[in-house]
Amino acid sequence: MTPYAWTWVAVIAAAALAFLTKYAGHVVPEAWLENPRVHRVAGFVTVGLLAALFATQAFGSGAAIVLDARVAAVAVAAVLLWRRAPFIVVVIAAAAVAAGLRLLGWG
């Protein structure tokens with residue numbers, strides 16, 4: 001099999017796995033989902049996955065941890081969110097900081 005064919009095998013397998021995971025969520029008995037422990041764990045898993053996604057996108061480049069313009073942009077966004085700035089202002093300010101630092105040659 002060519003590498004191109006293996007790519008399609010992987011794509012189809014991933015699609016099938018995603019479908020089966022969604023299907024499993026629909027066939028779980030409702031009584032299981034009513035348990036307060038399930039609600040608590042689901043909330044923690046969501047937060048943990050989102051934090052991991054954020055960390056890999058903000059501080060990772062391949063297999064290395066990098067500190068570049070993204071870190072400064074995240075810091076600006078965190079301060080603005082802490083000060084309760086409107087979300088669009090946070091996004092624009094963080095993008096402007098990252099763009100400015102990259103223009104200056106950092107990151």
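The part in question is helix α1, residues 3–27.

Reply: This is a predicted model: local features need pLDDT of at least 70, side-chain atom pairs count only at pLDDT 80 or more, and totals for chains, interfaces and linings use all residues. Residues are numbered from 1 along each chain as its sequence is written, and side-chain values use heavy atoms, leaving out hydrogens and water.

Start with the surface. Y4, W8, V11 and I12 make a nonpolar patch of about 470 Å². Patch residues have over 30% relative accessible area and no salt bridge; nonpolar side chains (Val, Leu, Ile, Met, Phe, Trp, Tyr) are joined within 5 Å, like charges within 9 Å. A salt bridge is a side-chain nitrogen of Lys or Arg within 4 Å of a carboxyl oxygen of Asp or Glu. Areas come from the Shrake-Rupley method with a 1.4 Å probe; for residues, only the protein chains shown count as cover.

W8 lies in helix α1. Helices are DSSP runs (H or I, at least four residues), as are strands (E, at least two), numbered from the N terminus. W8 is partly exposed, at 45% relative accessible area. Buried means under 20%, exposed over 50%, partly exposed in between.

A15 is in helix α1 too. A15 is also partly exposed, at 45%. From A15 to A73 is 35 Å, C-alpha to C-alpha, across 58 residues of sequence.

Now the rings. The structure holds two aromatic pairs. F19 and Y23 form a stacked one, 6.4 Å centre to centre with 15 degrees between the planes. Rings of Phe, Tyr and Trp (its six-membered ring) pair if their centres lie within 6.5 Å; planes under 30 degrees apart are stacked, over 60 edge-to-face, the rest tilted. F19 and Y23 are four residues apart in helix α1, so about one helical turn separates them. F19 is exposed at 55%, while Y23 is partly exposed at 49%. F54 and F59 pair edge-to-face, at 5.9 Å and 85 degrees. F54 is partly exposed at 40%, and F59 is partly exposed at 27%.

Last, the setting. The chain has five helices and two strands, in the order α-α-α-β-β-α-α from the N terminus. Buried residues are 9% of the 107. The chain exposes about 8,700 Å², with 76% from carbon and sulfur atoms. The C-alpha atoms fill a box of roughly 55 × 50 × 25 Å along the principal axes.

Methods: Buried means under 20% relative accessible area, exposed over 50%, partly exposed in between (1.4 Å probe, protein chains only).
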